[in-house]
Amino acid sequence: MKKVQFFIDDVIWLMRDLTRQKPKSLFDNGFLAVLKKAHEEYSLKVQLNLFYSTSPFYGDDSFTLAEMTDEYKAEWEQNSDWLKLAFHAYAEFPIFPYVNSPYDEVSSHYKLITGEIKRFAGEKSLAVGVVPHFAPTSREGIMALKDCGVKITYATYGEKRPAAEDLSDVPKAFRERISQNRQPETMLFTRRYENKVVDNTICGYNHITDEQYEAIFDNTKTVLDEKTGMRFKNSAQLVLNSTKLIDLEAELKKIASREFIIIGNHEQYFYSDYSYYQPDYAEKIFTMAKLLKAEGYSYIFMEELASE
């Protein structure tokens, strides 16, 4: 049977709304109601990747997972067979937060977020496959995640560029991140992704070769990094918020012959007060779920790949 893994990154506003609005059920919340409907009608499973804190970039309305209500703990646990929560990053900014991070920083952020997840949603809701924010992570960061119990994480792929090469053709913000506490494994690479924003960007320790990518990109195989014991998997082949609804069905059919596909999304595009709000956010999820069910796909969680 063909398999698909679906995740939503940058999740924090959902937790703020649940805490402040206090709906009777988790699924009285609009964001979760969409996911529940897609689960009931099309067997969707989804992993939500969490920030610990909202970002000051969006104003002074701060919120952290420490404030998250535990009133829905039983309901989270009851739905953990199709809805899981995972570490993503401390906050949305800075970009590439863990590309040059020391061990203790990644370990402390991971424990901070997952400790709160277990408090308000229970151990069964915690996913142990992770998507670090922006993906690139230092060698020490990967070791920290492995020591914290993470089984698998996403990796970048594409041709690396020499470490000493001129950085003038990458965005200023990228240059600043690559230079801050730069680690030996932190380099540039040329993206091979679809839906790419820039051609040249940053990679860290969790970067696989083109040969490794070709061996795993359309199946459930992973790359075992023998130095850290971590398993790596290529990132999403399609991102919903980067794909127009009018094009979505055609884009899905391009990849629907594969044994395994990964689809991503981001939380903020659901919200009408976000500058890049997508009013068709829910429709994209339903379109994806309906088409993939018709194509014979079943959903799995990222961590299940670690046993393949």
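Contact, for this talk, means heavy atoms within 4.5 Å. Hi everyone, a quick tour today.

This is a predicted model, where local features need pLDDT of at least 70, side-chain atom pairs count only at pLDDT 80 or more, and totals for chains, interfaces and linings use all residues. Residues are numbered from 1 along each chain as its sequence is written, and side-chain values use heavy atoms, with hydrogens and water left out.

Let's start at Thr153. This residue sits in strand 5, residues 152-161; strands here are DSSP runs of E with at least two residues, helices are runs of H or I with at least four, and both are numbered from the N terminus. Is Thr153 buried or exposed? Its relative accessible area is 0%, so Thr153 is buried. (Buried means under 20% relative accessible area, exposed over 50%, and partly exposed in between, with a 1.4 Å probe and protein chains only.) Setting aside residues up to four places away in sequence, Thr153 touches Val130, Pro132, Ile142, Met230, Arg231, Phe232, Lys233 and Met302. By contrast, take Arg175: 22 residues along the chain from Thr153, with 24 Å between the two C-alpha atoms.

Arg16 belongs to helix 1, residues 13-21, and counts as buried because its relative accessibility is 13%. Beyond its neighbours within four places in sequence, Arg16 has contacts with Asp61, Phe63 and Tyr271.

On to helix packing. Helix 4 (residues 103-121) and helix 5 (residues 139-147) have axes that come within 8 Å and cross at roughly 40 degrees. That angle makes helix 4 oblique to helix 5; the cut-offs are under 35 degrees for roughly parallel, over 145 for roughly antiparallel, 65 to 115 for roughly perpendicular, and oblique for the rest. The axes are lines fitted to C-alpha atoms over the stretch in contact, with angles from 0 to 180 degrees between N-to-C directions. Which residues meet there? From helix 4 come Tyr103, Val106, Ser107 and Tyr110, and from helix 5 Glu140, Gly141, Met143, Ala144, Leu145 and Asp147.

Last stop, helix 8, residues 245-255, where Leu248, Leu252 and Ile255 are buried. Viewed down the axis, the buried residues of helix 8 fall within an arc of 65 degrees, so they line one face; that arc is taken from the directions between the helix axis and the C-beta atoms. Ile246 and Lys254, on the other side of helix 8, are exposed. The cover over the buried residues includes strand 11 (238-239), strand 12 (260-266), helix 9 (281-294) and strand 13 (297-299). Thanks, everyone!
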